[in-house]
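Here is a short tour of a few local features, strand by strand and helix by helix. Have the coordinates open as you read.

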Amino acid sequence: MSQITPALRKAFRNLADIMIPGTDTMPRGSDVTLHEDVLDRIMELRPDLEEGFVRGMTAIAGMSAAEGKEHLKQNDKTAYYDIGLIAASGYYMDPRVREAIGYPGQVSNPKKPAPVPEYIANGMLKRVIDRGSIYRPTPDTD
Amino acid sequence: MASGDQNVADVLIIGGGASGGVVAKHLTDAGVRVVCLEQGDHVDPSEFAGDKPEWELVSKKRWHPNPNRRDIETDYPTDVRDSDVEPMMYCGVGGSTLLYTAMWMRFLPSDFRVKTLDGVADDWPITYEDLVPYYNILDEELGLAGLAGDPAYPPGQRMIMPPHPIGKVGMKAVKGMDQLGWHWWPGSNTIPTEPYRGRNECVRYGTCSTGCPQRAKSSFDQTHWTFAIKNGAKLITRARVKEITVNDSGLATGAVYIDRNGRERRQKANVVIMCASSIGTPRILLMSESGKFPNGLGNNSSGLLGKNLMMHPFSAVAAYSEEPLESWLGPAGHTIYSLQFYETDKSRGFVRGAKWGITPVAGPFSLRGGQDNDPIINAWDDGIHSVFDQTVGKVFEWGVIAEDLPEEHNRVTLSDELTDSDGLPAPKINYKTSENTRKLLDWHIERVIEAIEASGCTGYTVSNPVRECGWHLSGTARMGTDPERSVVNEFGVSHDVENLLVCDGSVFVTCSGLHPTATITASALRSVDNLLQNRYNQRVPL
C-alpha cells in the first residue's frame, strides 16, 4: 500500500515548483499536476522510486521548499535523485511541456534513404574517397 | 556427433544471445538436434518502452544496460568493486543484442596481427581474410544497411540495403570532418531501411539501445532464434546453468541447471558450446571445477580462463549546436563514423587506436551520463529550463571506442560476496584501465574536440571515461595454437576438453577498436562450419 500521504504530496508540489519554476513560456511543476495523477503514474511505472521519495519527503517535513531541497542534496543523495527524477520525468512527459520545448517525443517517423544523399551530391564523400585507402592490409607472415 | 537417445542433445548451447542464435540456426539448418539453456526470458518487442511517453523513465531501470541497475532475477549481478568499468549486458533470448544499437562493423586486417604490426599483445591464429566468407553470410542474414566503398576497409564488402539518412546531426558532424580533411563514412547498421526477413523497416524511434518496439533492429531473437526454433531447436528459458559436467574420460557430458521453479535439472549432450559472453562463459566454466579440472573446466593447460578481459573503455563528447538538429530521430546506431586515427602511429605516445561514431541524443535525459543520471540533477542547479533549451534536439555525441590490450590481471573470477537469485556466485570483475588506454583516450578526445569546433558547434561536454560502458566484452577464453597460451583453438575447441567449444567473444585474442558482434558471430559461424565438416569424427561421451 502506498505510503504517499496528502501531506507528502503537498510538500512535493512545493518542492517541484522550486526545482522546476515557471517562466514566460514554460509551466511550473505544479501546473502539470506533478504531485497528483502524474506522481501516481510514475509510481506505477517505477515503484522502486517510492522508498526514496517517501524517505526524502518525510525528512524535509516542516522545512521550506528551498531548505528541503538543500537538505536532501547535502544529506540524502539517493532520495534527492529519486525525487528529482520523478519531478523531471513527470514534467517532460507532459504534452504541453514537450510542445513548449519543441520535442515531439520518440515517435514513428519513417523516411526512405534518398537515392543520392546530400553528402554525395555535394562532393563531400568524394573527398574522403579521393584521399585513398587508410587501412593496413594483412601482413605476409610466411 | 548424433545420438540415438532422444534425451541427449547432439549439441547443447549455453546462452541464447547473438552467438548462441547463430550457432543454433546453422546447426539446425544442417539437421543437428540442438538444445539451448538460456537463463533469461523471451522479450516481445511490445514490452519495450521506446514508443511510449515514459520511455526515458522506464529505461533508467527496466531497460538499463547495467544488470546491477536493472536488478531483475533473470539476470546475474556483477561484483565490480575492483573494476574501472562496469559490464553492460542482458540475459534473455537475443541476449545483449536486445539492448545494442546494431552498429555493424567488421574488424580490420591489422586487428588480427597486433603483435606483428605493433609489437604488442598477440596475433590471432586467423586472419581477416579467414572471416570474410562468414562476415558476408551474416551481413546478408541481418540485412546490413550501409554504403560500400569505405577506403578504411579492404574492398569487396557488399551492403544489403542503402544506409539510413544521416540527418542534420550527421551533416553537422561531417562539416567538421570535411574541413579538417579527416576520414568519415556513413554508418553501417543492421537496422533495415525496408522490411527484411520478417522484421519491419526502421521508423526512427531512436531508442535502439533500450529495445526496438518496431521489431526492426537486428536483435538475434528476431534474426536467428526465430529460424532456429522453426528448424526444431529446443530453447529452454529461465534455465540457469550451474555446471558443465564431465565424465572420467574428460569429455563434457552436458549441464546441470536450475529451472524456473528452482529445481535442479540435467541436460545431457554430445557436444557443449558456450555462448554465454566473456563474463558468463568463464563464470560457468570456473563454477565447473572438479578433480579433473581443479581450476575450472578447460583451464588445465593454460590457466588463462577468465583472464585477459577486455571491455573497450569508452569516452564521449556531447556537442551543442545553436540550430535545431532533430537529434531525437533514430536510428540510434551510428549516423557516421571515422577511422581517421584507427591505425597505430607511435608518435602519438601510444599504440593502437579507436573508432569514433556519431550518435543522436534523443530525449531530454539522454545525454551521456544520462545513465548515471547526473544531468538531471545538474540541470536544476544551472536552471532546468535554460539547460534543456540548449540541449533538447540540438545535441549529438562523438563516442570513442578505445582498443584496450589484453592483460592477465584484468579478469573474471567468482565473487565471494555476491550471488545471483539462485545463490550461485556472481562474477567478480577486476579491471584497471592501462596507461596506454588512458593516453589513447585523452589524445582522441582532444582530436574529437577539434572536430566539434570545426563543425561550428557552440559548446561541448566531455565524459572521459564513461564508467558504465562495458558493452564489448572479450578475451577470457582466448583462441590460439599453443595450449599453454590459449584456452581454445582457432575453431573455438577447448585444448583440454575436445567436445567443449567456446563461440562467444571470449575467444578474442585482442579486441580491436570496433564493435564486436560482427566478429563474434562470424567467428562462431566459422566454428560451426568446422564442427559440421568434422561431425562424423567428433569424439563424444555417450
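## Strand S1 of chain B and its partners

Six bridges tie S1(B) to strand S8 of chain B (residues 264–274), and the two run parallel. Strands here, like helices, are DSSP runs numbered from the N terminus (E, at least two residues, for strands; H or I, at least four, for helices), and two strands pair if DSSP finds at least two bridges between them. Within this pairing, Ile14(B) sits opposite Met274(B) of S8(B).

S1(B) also runs parallel to strand S2 of chain B (residues 34–37), joined by four bridges. There, Ile13(B) has Cys36(B) as its bridge partner. To get from S1(B) to S2(B), the chain goes through helix H1 of chain B (residues 18–29), a right-handed β-α-β crossover; right-handed means that, with the strands pointing away from the viewer, the path from the first strand over the helix to the second runs clockwise. As for cover, seven of the seven residues in S1(B) (residues 8–14) are buried, meaning under 20% relative accessible area, with over 50% being exposed and anything in between partly exposed (1.4 Å probe, protein chains only).

## About the model

This is a predicted model: local features need pLDDT of at least 70 and side-chain atom pairs count only at pLDDT 80 or more, while totals for chains, interfaces and linings use all residues. Residues are numbered from 1 along each chain as its sequence is written, chains are lettered from A and ligands numbered from 1 in the order in which they are written, and side-chain values use heavy atoms, leaving out hydrogens and water.

## A hairpin in chain B

Strands S6 (residues 240–246) and S7 (residues 252–258) of chain B pair up antiparallel over six bridges. Val241(B) faces Tyr257(B) of S7(B). Five residues lie between the strands of this hairpin, and Gly250(B) takes a positive phi near 85 degrees.

## Asp420 of chain B

Asp420(B) belongs to the loop between strands S13 (411–419) and S14 (425–431) of chain B. Asp420(B) is buried, at 5% relative accessible area. Beyond its neighbours within four places in sequence, Asp420(B) is in contact with Tyr76(B), Pro77(B), Arg240(B) and Arg283(B) (contact: heavy atoms within 4.5 Å).

The side chains of Asp420(B) and Arg240(B) make a polar contact at 3.3 Å. That term covers N or O pairs within 3.5 Å; within protein, one atom must be able to donate a hydrogen and the other to accept it, and residues adjacent in sequence count only if both atoms are side-chain atoms.
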